[in-house]
Amino acid sequence: MPTELTEAIVTGYTDYRDDDRMLTLFSATRGRIDCKARNCRKPTSKLLSCAQPFVFGEFELFENSDRVTVNGCDVRETFYPLREDVDRFMTASVCTQLCNSVIGQDASDEALFSLLYHVLSFLAYTESEPKDLLIAFLLHFLDHAGYRPSLTRCAICRRDIRSDAVLFFSAEAGGAVCAGCPHGGKPVSKLALEAMRRILLLNDDELNRVVLKEDLRAEMLPLLTKSCAVMLGENDKAVQLLDQMS
Ligand SMILES: [Zn+2]
């Protein structure tokens, strides 16, 4: 293959040598692409602006015997405000790293790409609370990966739990669990389960509508973090970063 154009978001990088950088790109049509951006850290490099975390653009890639190199990029969006706010930067980093943990090479994933793109946009350009956007991202991410938590039925006995007074949440069991089933979960409020149900009904372009009270955030984030740990393993880099945040 000579050169190829692909729209992608920079979801990770590693510096090497003096001026080079290895980029991880998430392309909607090609999945994960690990590629070299040579000399991109030189102030005069034409790749300087694109070889940055979270940048969205049309990348021109050159592939030669399994090695991919970035030739150029038409930058569409830098999401620059993410680099000026620690909470927003950390939240965006968790979201991109979670994507890196699940996307395969040559595997198109337009739904996950759209989710990431919208959450980065809201993080960068709206006043939305980063934790609310993170919770919305995590729920849709888990759903997308086939780990949607059970919220209206007990994850173990499958009984409708919407009128139960006492409920638990077990990431290992796969969501909400009734008081009658054995589980290793934590108590969960009906309000938290209802909030999760409603967030899952939103489209990607509506996720900035999520506005949660602080106690609800504090309740939901550890449950969703645990669900990601069950899905990806405790040693996953993104899970460890998420653990620090929640
Ligand atoms: Zn049950």
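Visitor: Which domains does the domain assignment of the chain give?

Guide: The chain is assigned domain 1 (3-77) and domain 2 (86-245), the bounds being taken from an automatic or database domain assignment. This is a predicted model, in which local features need pLDDT of at least 70 and side-chain atom pairs count only at pLDDT 80 or more, while totals for chains, interfaces and linings use all residues. Residues are numbered from 1 along each chain as its sequence is written, and side-chain values use heavy atoms, with hydrogens and water left out.

Visitor: How many residues does the contact take from domain 1 and from domain 2?

Guide: The C-alpha centres of domain 1 and domain 2 are 29 Å apart. Their contact (heavy atoms within 4.5 Å) takes 19 residues from domain 1 and 20 residues from domain 2. Between them the domains bury about 1,600 Å², 67% of it on carbon and sulfur atoms; buried area is the accessible area (1.4 Å probe) that two parts lose on being put together, summed over both. Phe26, Arg32 and Phe54 supply 42% of the area that domain 1 buries against domain 2, more than any other three residues.

Visitor: In which order do the 3 strands of the open sheet stand?

Guide: Strands of a sheet pair through backbone hydrogen bonds, either parallel or antiparallel. Here a strand is a DSSP run (E, at least two residues), as a helix is (H or I, at least four), each numbered from the N terminus, and pairing requires at least two DSSP bridges. The order is β7-β6-β8, with antiparallel pairing. Since β7 (175-178) and β8 (186-187) are at the edges with a single partner strand each, one side of each is left without a neighbour in the sheet. Strand β6 (residues 167-170) pairs with β8 over 2 bridges, and Phe169 has Lys186 in β8 as its bridge partner.

Visitor: Which protein donors does the zinc ion have, and why is the arrangement tetrahedral?

Guide: Ideal angles are 109.5 degrees for four tetrahedral donors. Donors are N, O and S atoms within 2.8 Å of the metal (3.2 Å for Na, K and Ca). The zinc ion has the SG atoms of Cys154, Cys157, Cys178 and Cys181, 2.3 to 2.4 Å from it. Their angles of 105 to 117 degrees make the arrangement tetrahedral, a term that requires all angles of four donors to lie between 85 and 135 degrees. Along the chain the donors follow the spacing C-x2-C-x20-C-x2-C. Cys157, in the loop between α3 (130-144) and β6, and Cys181, in the loop between β7 and β8, are 24 residues apart.

Technical notes: Tetrahedral: all angles 85-135°; square planar, octahedral: opposite > 155°, others 65-115°.
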